[in-house]
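Good morning, colleagues. I would ask you to look at the sequence and the model together while I speak.

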Amino acid sequence: MKTMPTGFPKDFMWGGAIAANQAEGAWREGGKGICVADILKVQDKGDLKKKSNKETTLKDIDAALSDTQGIYPKRYGIDFYHTYKEDLKLLAGTGMNAFRTSINWARIFPNGDDEQPNEEGLRFYEDLIDEIIQNGMEPLITLSHYEMPLNLAVKYHGWANRQTIDFFVRYCETVFKHFKGKVKYWILVNQINLIHHESFNHLGIPADCVDNLWEAKFQGVHNECTACAMATKIGHQIDPNFQIGMMVYDGLSEPLTCKPEDVFANMKRNQMEYFFSDLLIRGTYPGYAVRFFNEKGFHLDIRQEDEKVLKENTADFLAISYYYTICASAESMKNYGVNEDGALSNPHIDASEWGWGIDPLGLRTVLNYYYDRYQKPIIIAENGFGTYDTISEDGKIHDQRRISYLRQHVAMMKEAIKDGVEVIGYFPWGPIDIISCSSSEMSKRYGFIYVDQDDYGNGTKQRMKKDSYDWYRQVIASNGEDC
């Protein structure tokens, strides 16, 4: 009988995670094309709890491209494109032995349907990845993180079109070949189950270009999953040592009450959260999904060759993002639909200013759920506490709430490992402050490193260590024992 683990494995990956579109800037440099994130304007007004990127139409795209007055923070990011050497050195000072970032698809294939890649874009990422490695960090590279070339959305309607399968596979193959021997760990698509929210960012389907947006989203997911399976097959042929994973946002919910109706409604909701990982890890369409599509009247183009490649080329590991937990009820699920996920706030836990419930124990719970279901290695590819930071009179940033949040989550991750869950890496989100995904604000900060920049791009851009920087260095130095 095997013995119970007592803590984190010696080769555990302690990292940090960013996305190209939220950090790099330089939106028209180096031959880069326009990507979907480049048309997102700062959301500096309104209820913090309701800020998110909504559905997008061709009219919205035209308006953003012709707007000369609006502020689009992801076009300039934190200028990581020019400062990555200094930033990576600073991040490596925590002792991180791994680092997650994305390759902006539009830097490699500016229009998405280009026959040949942009060599300048490949050179940039070669330099970036070399720098990550030279700083003693294992690269974890995401290939689609809300950076679809905008041309694919406008001309082809994104993932709703089967042609996008070939465009994505060509992109993956190009990158796999170029970075063979340098990158081992890959996430093909960031948070592939985010289709109620961030769906245009993810799927690139203009809402006014399809007759049934809800159906088109699931067709897009099928096309995207098929492309992932095809890319996985090619990747393993290029380098059998590649570890190619799939990633979900942890959207699992708990029933609001123990009423049988709430328990059942919550189970049905969670099935459609598991759907994406069931398809890419188990390799087949589950019966519950078939029934869901049938009852909704969806007619999806699912071909025999798609099912074959999905079955034969499953993911090597599961990556999750975990920030908060939610509930669901029979009543809330009455609203489940194209833009509603049926989620309710958990009334028993505290929440951040953005309404994100703080539930460290929930991390241990879901890690057990996922591992019991799949028996695959798990990487926590995102976890963090987004909040306001202020510089104190002593010139320092005392981010004790962030430390408290992360400390509790690391402790629960350790407990999950003792439960037998094979967690192989932890990548706190935004270890250096970056532009917010959902609102394009800078003031919602996650980092161990403060960037002096406001929501409108003003500031010195100076980098400053927060108290959490030293805390994370201590955690890593003790391999999670001293948190």
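I shall begin with the overall fold and then turn to one residue.

This is a predicted model, in which local features need pLDDT of at least 70 and side-chain atom pairs count only at pLDDT 80 or more, while totals for chains, interfaces and linings use all residues. Residues are numbered from 1 along each chain as its sequence is written, and side-chain values use heavy atoms, with hydrogens and water left out.

The protein contains 15 helices and 13 strands, these being DSSP runs numbered from the N terminus (helices H or I, at least four residues; strands E, at least two). Its C-alpha trace spans about 60 × 55 × 50 Å along the principal axes.

Of the 483 residues, 61% are buried, meaning under 20% relative accessible area with a 1.4 Å probe, protein chains only. Among contacts (heavy atoms within 4.5 Å) with a separation of 6 or more, 78% join residues 24 or more positions apart.

Now to Ser-144: where does Ser-144 lie? It is in the loop between strand E3 (138-142) and helix H6 (150-156). Ser-144 counts as buried because its relative accessibility is 6%. Leaving aside neighbours within four places in sequence, Ser-144 is in contact with Trp-105, Phe-168, Leu-188, Val-189 and Asn-190.

Conventions. Buried < 20%, exposed > 50% of the residue type's maximum accessible area, 1.4 Å probe, protein only.
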